[in-house]
Amino acid sequence: MIAPAYLKKGDTIAIVATARKNIDDNLKPAISWLKSWGLEVVIGNTIGLDKNQLAGTDEQRAADFQSQLDNPNIKAIWCVRGGYGTVRMVDLLNFTKFKQSPKWIIGFSDVTVLHSHLNTMGYQSIHGIMPVSSKATEEAKESLRKSLFGESLQYTVPCDQMNRLGKASGILVGGNLSILYSLLGSPSAIDCTDKILFIEDLDEYLYHMDRMMINLKRNGCLESLKGIIVGGMTKMKDNDIPWGKNVLEIIDDVTKTYNIPIIYNFPAGHLADNHALILGRKISLEANDLESTIVFE
């Protein structure tokens, strides 16, 4: 997987909207973070656009993103927020100039569309906090900075009682489970063969989670994995008649036939402590009875 050039002080990063609108004056904290890292900031034309839920039309969002892709002075593109809508504009993009001079694409949630699309083309990207992540922990911010500037990145977290112990190495893929599920069968669907899969999600019914995991299994996405990292499964919902398992039990049940290590409750996803993950990068993973370690090569 090709890694874009790491940033250096003086480089410029663009903030754009690919999905839900961002019409509030809420970017000052994020701009301050970037300035403190020695970076310059360009605000895309989609910031402030308002078309119902979206930041302008599909064509407007694609044109703004394309402009940043093609501008040689822009070294990274930071998606302002998630929601829904990136999938409506991804097929309008032309990645010809990006391939000539790759740059980091950053975000999570609905931005999983871009991560997955880039992955199919062989490029790395960063799953991490977004400009509207005003409650992000200092650790989450620092992990994004390290990822952008090419510093050593590794995490050690306490062992979760549901972890499946073991060691694995492989290229990290994934993101938001609902988005991964929705991309199956499309040109943006990831290839999970010999990969380590990261998943997270927000505000889903438990039976929806079961359906999505079963669909990944039926599509052959689980059988050849080297390992799984389960991030935040936030604000899960149940019906009046309970599903009968919580979200982690659902994942454990669907994956129980695979002899691979699984880390549960890793701090990434719709959480304040959303640690950056370099998707498309080879990692080493170890889960033992004391702690779990992830090292990016």
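**View 1. Y205, Y207 and W243 make a nonpolar surface patch of about 270 Å².** In this predicted model, local features need pLDDT of at least 70 and side-chain atom pairs count only at pLDDT 80 or more, while totals for chains, interfaces and linings use all residues. Residues are numbered from 1 along each chain as its sequence is written, and side-chain values use heavy atoms, leaving out hydrogens and water. Areas come from the Shrake-Rupley method with a 1.4 Å probe, and for residues only the protein chains shown count as cover. Look for Y205 in the loop between β8 (195–202) and α8 (206–218); helices (H or I, at least four residues) and strands (E, at least two) are DSSP runs, numbered from the N terminus.

**View 2. Six strands form an open, mixed sheet in the order β2-β1-β3-β4-β5-β11.** Strands count as paired if DSSP finds at least two bridges between them. At the edges, β2 (40–43) and β11 (277–279) each have a single partner strand, so one side of each lacks a neighbour in the sheet. Further in, β1 (12–16) and β3 (74–79) pair in the parallel sense over 5 bridges, with T12 opposite I74.

**View 3. Helix α5 (residues 112–121) is largely enclosed by the rest of the structure, because 8 of its 10 residues are buried.** Buried means under 20% relative accessible area, exposed over 50%, and partly exposed in between (1.4 Å probe, protein chains only). Among the buried residues are H115 and H117. After α5 comes G122, with a positive phi near 95°.

How values were computed:
Patch = residues over 30% accessible without salt bridge, like charges linked within 9 Å, V, L, I, M, F, W, Y side chains within 5 Å. Salt bridge = Lys/Arg side-chain N within 4 Å of Asp/Glu carboxyl O.
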